[in-house]
Amino acid sequence: KKRNKMPLPSRLQVRQEGLSVIVLGASGDLASKKLFPSLFNLHSAGFLPTRTKIFAALRRRKSDDDDAQFKMELTEHINRVWKPPDGSNATKPTKGLMEEFMDDVEVCYLDEDFVSEVKCSRGKNYGGGDEEEEEEEEEEE
């Protein structure tokens, strides 16, 4: 995978390190209109490390086709708002560049089982877990 890279000052040059990005609320307007197009622009300009993984966190899976459906809608939206980083007259990114970016996007779901396990640093359960456990924790304090 070779990307065209624009010259950068040495302090801004991309290292060969990995990068993980977690986008919470990945199906929302902010993510689809701003975050993912911006990440794609960084990718297409060669500003992201080659070992980048973008985790798109969605609330819940409705069907087995949700991953493919999400990526298809994301691709369509990026194609609508994309502007080439080199200032050329291209109307949409190449298929290979888009596929390369989508390979870096991992769709994950924050279902109720996951959320019920989430606790803040003070130990309070925010997911509606067992009330008995909460009462026991309060008694111990």
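1. Let me start with strand β3. One face of β3 is covered and holds Val-105, Val-107 and Tyr-109, while the uncovered face has Glu-106 and Cys-108. Strands here are DSSP E runs of at least two residues, helices are H or I runs of at least four, and both are numbered from the N terminus.

2. A word on what you're looking at. This is a predicted model, where local features need pLDDT of at least 70 and side-chain atom pairs count only at pLDDT 80 or more, though totals for chains, interfaces and linings use all residues. Residues are numbered from 1 along each chain as its sequence is written, and side-chain values use heavy atoms, with hydrogens and water left out.

3. Confidence next. The mean pLDDT of the protein chain is 75, and 67% of its residues reach 70 or more (pLDDT being the predictor's confidence in each residue, from 0 to 100). Where pLDDT is low, the predicted coordinates should not be read in detail.

4. The overall layout: the protein chain has five helices and three strands, and along the sequence they follow the pattern β-α-β-α-α-β-α-α. Of the 141 residues, 28% count as buried (buried is under 20% relative accessible area, exposed over 50%, partly exposed in between, with a 1.4 Å probe and protein chains only). Among contacts (heavy atoms within 4.5 Å) with a separation of 6 or more, 73% come from residues 24 or more positions apart.

5. Now the sheet. It is open, with three strands in the order β1-β2-β3 and parallel pairing; two strands pair if DSSP finds at least two bridges between them. β1 (18-24) and β3 are the edge strands, each pairing on one side only. Neighbouring strands are turned by 20° against each other on average, direction ignored. β2 and β3 share five bridges in the parallel sense, including Ile-54 with Val-105 and Ala-56 with Val-107. Helix α2 packs on the sheet, touching β2 and β3, and its direction makes about 130° with that of β3.

6. The largest nonpolar core has 20 residues, and Phe-36, Phe-70, Ile-78 and Phe-101 are those with the most contacts inside it. Such a core is a set of buried Ala, Val, Leu, Ile, Met, Phe, Trp, Tyr and Cys residues joined through side-chain atoms within 4.5 Å. The elements giving two or more residues to this core are α1 (29-44), β2 (51-58), α2 (66-81), α3 (95-104) and β3 (105-109). Not counting residues up to four places away in sequence, Phe-36 touches Val-23, Ala-26, Ala-31, Ile-54, Ala-56, Phe-70, Leu-74, Ile-78 and Phe-101.

7. Helix α3 deserves a look of its own. The buried residues of α3 are Leu-97, Met-98, Glu-100, Phe-101, Met-102 and Asp-104, and they pack against α1, β2, α2 and β3. Note that Glu-100 and Asp-104 are on that buried list.

8. On the α1/α3 pair: the two helices pack at an angle of about 115°, with axes 10 Å apart. Axes are lines fitted to C-alpha atoms, for helices over the stretch in contact, and angles run from 0 to 180 degrees between N-to-C directions. From α1 the contact uses Phe-36, Leu-39, Phe-40, His-43 and Ser-44, and from α3 Leu-97, Met-98, Glu-100, Phe-101 and Asp-104.

9. Ala-57 lies in β2 and counts as buried because its relative accessibility is 3%. Leaving aside neighbours within four places, Ala-57 is in contact with Val-23, Leu-24, Gly-25, Ala-26, Cys-108 and Leu-110. Ser-32, in helix α1, also counts as buried, at 18%, and is in contact with Pro-37 and His-77 once neighbours within four places are set aside. Gly-18, in β1, is partly exposed, with a relative accessible area of 44%. Gly-18 and Thr-50 are 32 residues apart in sequence and 7.1 Å apart in space, C-alpha to C-alpha.
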